[in-house]
Amino acid sequence: MPPRRRGSSGFRGVRVHPRGRFYAEIRVGGFRLTLGTYNTPELAARAYDAAAWRFRRPRRDMNFPDVESLEEVEFLAPAPSLVDDEDRRRHRQVQRRIAIAEHDEQLMRQWRAQFPNDVVNTDAFFADLRAQRRFNRRHRRAVAEFELENPNTTWTENDPRWDDIWTETTSDDE
């Protein structure tokens, strides 16, 4: 039987990505083990060889037959990660969520273009809300500082209102 044809990278188990990176994978018993993407074809080939050693493939199936032991292979390349049905399901789920988020953003752009007055009203509402929160923080801090100076305070030692002394009053993030 003739030797298996090697891809455009020149190494077994290594493919070239359009962006110039190199993708390594090995197939074992119906599973595809993704070995990762690498900057050079040699690194990707080393990862393939490491997986081939772990699956006890013959040396003729390896890219670098000069490697003598599994320990040397493990030093040269990390362990592979298994791509299975659960990984594919999670990936599809993430892709659906991304598509929904992109669709929502598109609808919001259309809404803003169609109803510019609502956008102005919404901005004004949130500006008022921020100002009200800022006022409330400043008021709580002033009350806590007053109680700290007052020798006849009615607040107990463990009263959570004491924490308002350290409340940040210059921030607009709340």
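Where is the place of Asp49?

What we have here is a predicted model, in which local features need pLDDT of at least 70 and side-chain atom pairs count only at pLDDT 80 or more, while totals for chains, interfaces and linings use all residues. Residues are numbered from 1 along each chain as its sequence is written, and side-chain values use heavy atoms, with hydrogens and water left out.

Let's start with the overall picture. The protein chain has four helices and four strands, and along the sequence they come in the order β-β-β-α-α-β-α-α. Helices here are DSSP runs of H or I with at least four residues, strands are runs of E with at least two, and both are numbered from the N terminus. Of the 174 residues in the protein chain, 24% are buried. Buried means under 20% relative accessible area, exposed means over 50%, and partly exposed is in between, using a 1.4 Å probe and protein chains only.

Now back to Asp49, which sits in helix 1, residues 41–54. Asp49 is buried but has no salt bridge, and Arg46, the nearest side chain of opposite charge, is 5.2 Å away. For the terms, Lys and Arg count as positive and Asp and Glu as negative, with His and the chain ends not counted. A salt bridge needs a side-chain nitrogen of Lys or Arg within 4 Å of a carboxyl oxygen of Asp or Glu. Leaving aside residues up to four places away in sequence, Asp49 touches Met62, Asn63, Phe64 and Val73, where contact means heavy atoms within 4.5 Å.

Next, please find Arg56, in the loop between helix 1 and helix 2 (70–76). Its phi is near 55°, a positive value in a residue other than glycine. Most residues other than glycine have a negative phi. Arg56 has 71% relative accessibility, so it counts as exposed.

For contrast, look at Leu33 in strand 3, residues 31–38. Leu33 counts as buried because its relative accessibility is 7%.

Finally, how do helix 3 and helix 4 pack? Helix 3 (residues 85–114) and helix 4 (residues 116–149) meet at an angle of about 100°, with axes 5 Å apart. The axes are lines fitted to C-alpha atoms over the stretch in contact, and angles run from 0 to 180 degrees between N-to-C directions. The two helices are therefore roughly perpendicular, a label for angles of 65 to 115 degrees; under 35 is roughly parallel, over 145 roughly antiparallel, and the rest oblique. Helix 3 contributes Trp111, Arg112, Ala113 and Gln114 to the contact, and helix 4 contributes Pro116, Asp118, Val119 and Thr122.
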